[in-house]
There are 2 protein chains.
Amino acid sequence: MDAVHEHPALPASAQALVVTNQTVGPLYGERLVNTLKHRYSVVHTLELPDGEEHKNWQTLNLIFDALLQHGCDRKTVLFALGGGVVGDMTGFAAASYMRGVPFVQVPTTLLAQVDSSVGGKTGINHPLGKNMIGAFYQPRLVVCDLATLDTLPERELSAGLAEVIKYGPIADMEFMAWQEGAMEALRARDRAALAHAVRRSCEIKAWVVGQDERESGLRAILNFGHTFGHAIEAGMGYGVWLHGEAVGAGMVMAAELSMRMGLVDQAFVQRLRSLIARAGLPVKAPVLDAADNAGRYLELMRVDKKAESGEIRFVLIDGPGKAVLRAAPDALVRDVIDACC
Amino acid sequence: MDAVHEHPALPASAQALVVTNQTVGPLYGERLVNTLKHRYSVVHTLELPDGEEHKNWQTLNLIFDALLQHGCDRKTVLFALGGGVVGDMTGFAAASYMRGVPFVQVPTTLLAQVDSSVGGKTGINHPLGKNMIGAFYQPRLVVCDLATLDTLPERELSAGLAEVIKYGPIADMEFMAWQEGAMEALRARDRAALAHAVRRSCEIKAWVVGQDERESGLRAILNFGHTFGHAIEAGMGYGVWLHGEAVGAGMVMAAELSMRMGLVDQAFVQRLRSLIARAGLPVKAPVLDAADNAGRYLELMRVDKKAESGEIRFVLIDGPGKAVLRAAPDALVRDVIDACC
C-alpha cells in the first residue's frame, strides 16, 4: 500500500477521496492517505458504518454528500479501502457521481481481494434483494496488500476462503487439489500460501470476466453457490450470516443439486463439503421458515438476478472443474433443501 | 405511438414496465399499454409524482420497488412515458436495476423530444446539485409522437423551444434562421414545423453525442446556456423556473459573456435575445441573493459538472454557429450577471 502513489495507472487529479469504514479506517486509513498525499493535493477521508446491513442507499448517499460538500469534480479519484461492502458502494458511487469518476480498489479482506474487488460489479442492496441496484464499472487499479489480512477476524478469513474454494469446482481442479494441501497454511495466514490463493483466484476471475463482463453467459459461473447463498443471506436478514458463510453452505447445496441432476458423483460432493468444512465454514444451511422451509428458499431464489421469467437458473458442476447454468425441477430443489438444512 | 409494438428495435421480454407521471399517465398511459400488450405478456404501469422537485432518490426508489414487487427480471423492458424528468429517472433506474435492463424513451414534451430523450444522459438531482447522480445509458429506441405535444401546456412548449434554439448558435446558423421564420408556427404547434424542429435537433444532438458520448470534450457544447441556467434552477429551488426557462435566460447570459470575451458582436447577442423572447422565454435572469447576487451565482456554478478544480468552464459562442468550452475571469462573469439580472 505504501508505494501505491507511484503506480502509473493511478489517474491524475487534484483531489482524492478515501472511502473506508469505522473498522478499517482506524487501522489503515492514515497510511493510505499519507501515501496518496504524494500524488494528490487534497485527500479527503470518509468513514462509513461497517457491515452488510449498511449496504443501502442511505449509506451510499453519505459518499455523494461528501463529494459535493468538498466540491469534488469529475476528475476526483475515489479509493475504496475495506472489504466488499465498501468496495461495492464506493464503486457504485464512482459510477454514478457526475455519471462517472475514476476509482481504485484497496481491498483489505480476503473475500474482496479474491473476488469482489475484481470484475467491476458494484452496487447496493434493496430490502427485496441483494445487489439489486448497481452498475458494471471497472476500477482503474486493484491494490491487494496481504499485510492487511493480518488484522482480519478469523470468521472473515474463512468467509473469504469460500470464494477461493469456489474457483476449483467451476474452473480449475488443480487449484482445488492445491487448496486441499494448503488449507492449514491459508488459515494460519501463511504469506506465501495467501499470495498464491489471491493470485490464482484473480487470474481465473479476470479470465472469465474478460470474456463476459456483463454476465450475458459465462460470467454467471462465478456465482456458484450464490443462488442458495443469497437466499440464506436474505432469509436470515443481511449481515447475520456473512456472505462467504452463505456461499459455503450454498456451494454444498449446489453440488448436491448437481449430483441429483446426474452431473457429479457423491464422492465429489463429499470432497467439496470436506474442504468447505476445513475452511471453517458452515456446510449445513439454516432453516428459514419452520412451516415451509423449501418454499421460502424458492421464493427468495426467484428474485435472484440470474432468474428469468421466474425460472431460477442454478450454477451447477458439470463434472469437476466445469460449471453450467441450468434450471432444475422444483421437486428436486426441494429435496436438496430438505437434505442440506 | 400506436405502432410502436411493431418496431424491430424493441427488445424481446415477457414483461414490460411503463413509467409515467400523474399528468401524462391519464392522457397516454392506457394507449401505450394497449399497444405494448401486442408484444409483451405482462405490461405494468407506474405513475410517479410530476415535477423536477421529485427527481430524487425517493421517487427513483418507487421504480425499483415496483420492479422487485412484480418480480421483474434482467430482460424486463422499461418504457419512459413523459418529459425529461420521467425519462432521466427511468433511464437511471434501467441503468441500475440488476446493473442494467433495456429501456425505451417515449417523450411527450418538446424538451424531451429534442434533447433529453436522446444521448443517454440519465440521473437524479442531489440537494447540492442538479443531475449529480446518474449514468450514461442509451435507450434502445426513442419514439417521438408529435400528437402528444397537443396537450402540452404553453409554458412547457416554450421551455422546449429553448433547447431547439440552442442548436443554432452552437452548430447550425441555418437552423437558427429557419427558426426565426418559423417561431409563430412552432408556438401554434404546426405539425410540419414541429416535425422539422424535432428532426433537425435530434440530428445535431446525435451527431455531437456520436463523437463524444461521455462528454470528455465536444459534447459539453450542448450545455450552452446551462451553466448559468443550472445556477438559476438551483438558486430559485428546483421546479420554480422550468429547466428550459432557465436555459433561455442562461443562453442570453452566455452570449453576453461571449461578447465580453470578444467572440461575438452585440448584434448577434441581440438577435439571439430576440429569438428567445419570441419563444415566450425569459431573457432576464432572476436575482438569487439581494446582498451578493453575483457571488451566489458563482458559488452555484462552481459545483457544475463541467467545473474542474473549482474553475467554471463556460460554453461560449466562438462566432455564430460554433461553440467553445472556456474559463472566464470572475470579474467579467460578475459584470455579465449584473447586466443580465
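In which helix is B:Glu30 found? I found B:Glu30 in helix H1 (residues 24–36) of chain B; helices here are DSSP runs of H or I with at least four residues, strands are runs of E with at least two, and both are numbered from the N terminus.

A note on ground rules before I go on. This is a predicted model, in which local features need pLDDT of at least 70 and side-chain atom pairs count only at pLDDT 80 or more, while totals for chains, interfaces and linings use all residues. Residues are numbered from 1 along each chain as its sequence is written, and chains are lettered from A and ligands numbered from 1 in the order in which they are written.

**Entry 1: helix H1 of chain B**

B:Val33 counts as partly exposed, with 19 C-beta neighbours inside 10 Å. Leaving aside neighbours within four places in sequence, I found B:Val33 in contact with B:Val18, B:Val43 and B:Thr45; contact means that the two C-beta atoms, placed from the backbone, lie within 7 Å. B:Val18 is 15 residues from B:Val33 in sequence and 7.3 Å away in space, C-alpha to C-alpha.

I wanted to see whether the length of H5(B) made sense. Its 18 residues (154–171) should span 26 Å at 1.5 Å a residue, and the end C-alpha atoms are 27 Å apart, which agrees. The expected span is 1.5 Å times one less than the number of residues. Of those 18 residues, 16 are buried, so H5(B) is largely enclosed by the rest of the structure.

Next I went to B:Met173, in helix H6 (residues 173–187) of chain B. B:Met173 is partly exposed, with 15 other C-beta atoms within 10 Å. Leaving aside neighbours within four places in sequence, B:Met173 is in contact with B:Gly168, B:Pro320 and B:Gly321. B:Gly321 is 148 residues from B:Met173 along the chain, yet their C-alpha atoms are separated by 5.2 Å.

**Entry 2: chain A as a whole**

I counted elements in chain A and got 12 helices and nine strands. Its radius of gyration is 20 Å, close to the 20 Å that the globule rule gives for 341 residues, so chain A is as compact as a globular protein of that length. The radius is taken over C-alpha atoms, and the rule is 2.2 Å times the number of residues to the power 0.38. The C-alpha trace spans about 60 × 40 × 35 Å along its principal axes. Buried residues make up 52% of the 341 residues in chain A. Among its contacts between residues at least 6 apart in sequence, 74% join residues at least 24 apart.

Most residues other than glycine have a negative phi, and most peptide bonds are trans. A:Asn131 lies in strand S6 (residues 129–136) of chain A and is partly exposed, with 19 other C-beta atoms within 10 Å. A:Glu215 also has a positive phi, near 55°. A:Glu215 lies in the loop between helix H7 (191–211) and helix H8 (226–236) of chain A, and is buried, with 22 other C-beta atoms within 10 Å.

**Entry 3: where the chains touch**

How many residues does each chain bring to the contact? I noted 32 from chain B and 31 from chain A. On the side of chain B, the elements that give two or more residues are helix H2 (57–69), helix H3 (84–96), strand S5 (121–126) and strand S6 (129–136). S6(B) gives the largest share, six residues.

Terms used. A residue is buried if 20 or more other C-beta atoms lie within 10 Å of its own, exposed if 12 or fewer, and partly exposed in between; C-beta atoms are placed from the backbone.
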